[in-house]
Amino acid sequence: MNEADSDKLAAGLARLGWQQVPRPEDADLAVVNSCVVRQKAENRAVSYLGHLRRIKEARDGNASLRIAVTGCIVGPRTEGLRARFPYVDVWARPQSFDALIRHLLPGSDLGGEFWPDTFPEPKGPTAFVPVIHGCNKFCTFCIVPYRRGRERSRTIDDVAREVAFHCSNGVREVTLLGQTVEAYGKEIDARPSGSKPDLADLFVAIHDTPGLQRIRFLTSYPRDMTERIVRAVADLPKVCEHFNIPVQAADNEVLARMRRGYTIEEYTQWVHRIRDVVPSASLSTDVIVGFCGETDAQFQRTLDLLEQVRFDKVHTAAYSPRPGTFACRHLEDDVPREEKMRRLHAVEALQERIATEINQALLDTTQEVVIEGEQDGILTGRTRSNKLVHWPRPSWPCPSGPCPSGRGEAAPGDLVNVRITRTSPWALRGVQAEADSPVGAVPA
Ligand code: SF4
C-alpha cells in the first residue's frame, strides 16, 4: 500500500511540475513515506530522517531542503513529532495527499482525497491499485485504523480509469489493494437497484480492460468475505485464484484478545468454502506469535492449524507492542523475547516443510506465467497461484511459438507457459514450454 501511495504522490507532484532526482542531495523537497507496522520499519524511517537532516544542515539557506513526512508514523496529533523532529517542514497523515500538496503548493487542487485523475506511471507489467483506504476493524495490536482512518472506497469508475491507464502503458496484471479489500464498497451509497457495489462488481468492471491479463487482490478479512466474491474468483478467468487471509492466531481466546472479530471455526469455514468453490486456490496467511498472554498450548493451536490448512505461504511476525494501540495500553506483553523467537522459528520450520511438499507437487507441471523481469538471462514471473518462477530466456526459435508481442523475443508482460523442473519452498525453476502445453497437468 505504501509503495502505491508513494507512486501516486510522485505522479501528483509531477503533474504540478516537480521532477524526480536520483539523490536526496540534489532535491528541493524530500518526502518520506513511513511505515510503523513494526519497530524495525519505524527505526528505518527515523534513521533516514537523520540522513536528510544532515543534508539539510549542510545546505546554504537559499538552497534549502524541505522535508515532508507522511505514512503511518503521522497520527491526528503531531505536536510530539514536531518536538522530536523540528527540522521536518510538513507532516501529513497516510494517503492525505491533498494536505501535503496544500502545504507545499498552496492553492493546488488535484480533485479530492483520491486524486481521481492522477495515475502513477507504471514501472513494469504489474501495478498496485488501492481501491479502499483505511480500516474499521481496530484489531488490538494494530495502529492502521488510528493512522489511516475509517474505510473509504474509490468509485468503480475511478478504479476502472486507473486500470485502463495502466494497461494502455504496458501493465498486464493489477493487484487491487485494501487493508481489508472485501470491505470495498460497503460505505458507498446504494445504487438505484438498492444494492451496494462490492469487490465482485469491481472485478467485472475491469475484467475486459484491453491488455489486462490478470487481476489479483489483497488483503482478505474473513468477516468481509462473501459467497459472491468467492464465486467471482471462480468464474472470472482473469481473476487469479490466490487468497491472502491473515489468521494471526488459531486460539479463540487469543483471537478475542486481538479483537479479530471471528472465531477459528468461522475462519476455517471460509477456508473450506474457498476450496469447495475454487479448488485450485492457493492460500497464504499472516501469523503473530507471542501475543499478550499466549500460552504454549494456545501457540500449539496455531501450529495445528498450519498442519491442517497447509497454506502455500505464511508471513510470520513476533508480537511487538505498537505505541497507541489498545494492546500496548491495556495488555501485558508477557511472552519473553526468547520464547517469541522459539515460536517464530517453529512456525517457519513447519511452514518450510509444508511449502516444500506443496511445491514438489508442481514438478513437471506446466504453469502460466506473466514475465515480470529479467536478470542475466534469467526470466522471472509468477504463476496464477502467486508462486515465483525463474527460467532461462529460451533460445530462438522460442518453444512458445510466435511471440505474443511480435518483438521476436520474450519480454516483460508476455504471458508464457513454463514447465517446472525444480522446486524449493520459496520458488520454482523451469524451462519455457510450448504455448499449447496443457496448463497445470503433469505429463503422463
Ligand atoms: S484488519 Fe486489523 S490488522 Fe488489518 S489493518 Fe485493520 S486493524 Fe489492522
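Leaving aside its neighbours within four places in sequence, which residues is Ser-220 in contact with? In this predicted model, where local features need pLDDT of at least 70 and side-chain atom pairs count only at pLDDT 80 or more, totals for chains, interfaces and linings use all residues. Residues are numbered from 1 along each chain as its sequence is written, and side-chain values use heavy atoms, with hydrogens and water left out.

Beyond those sequence neighbours, Ser-220 is in contact (heavy atoms within 4.5 Å) with Glu-182, Met-225, Phe-243, Asn-244, Ile-245 and Pro-246. Ser-220 is found in the loop between β8 (214-218) and α8; helices (H or I, at least four residues) and strands (E, at least two) are DSSP runs, numbered from the N terminus. With a relative accessible area of 2%, Ser-220 is buried, a term for values under 20%, with exposed over 50% and partly exposed in between (1.4 Å probe, protein chains only). The side chains of Ser-220 and Glu-182 are joined by a polar contact of 2.6 Å. A polar contact is a pair of N or O atoms within 3.5 Å; within protein, one must be able to donate a hydrogen and the other to accept it, and residues adjacent in sequence count only if both atoms are side-chain atoms.

Turning to helix packing, the axes of α7 (residues 199-207) and α8 (residues 227-235) come within 8 Å and cross at roughly 30°. The two helices α7 and α8 are therefore roughly parallel to each other, the term for angles under 35 degrees. On the α7 side, Leu-199, Ala-200, Asp-201 and Phe-203 meet Arg-228, Ile-229, Ala-232 and Val-233 of α8. The residues of this contact divide into six nonpolar, no polar and two charged; Ala, Val, Leu, Ile, Met, Phe, Trp, Tyr, Cys and Pro count as nonpolar, Asp, Glu, Lys and Arg as charged, and the others, Gly among them, as polar.

Two further glutamates may be set side by side. Glu-162, in helix α6 (residues 156-167), is buried, with a relative accessible area of 1%. Not counting residues up to four places away in sequence, Glu-162 touches Lys-8, Phe-119, Pro-120, Phe-128, Val-129 and Arg-154. Glu-121, by contrast, is exposed, with a relative accessible area of 56%, and lies in the loop between α4 (97-104) and β4 (126-130).

Key: Axes are lines fitted to C-alpha atoms, for helices over the stretch in contact, and angles run from 0 to 180 degrees between N-to-C directions. Angles under 35 degrees count as roughly parallel, over 145 as roughly antiparallel, 65 to 115 as roughly perpendicular and the rest as oblique.
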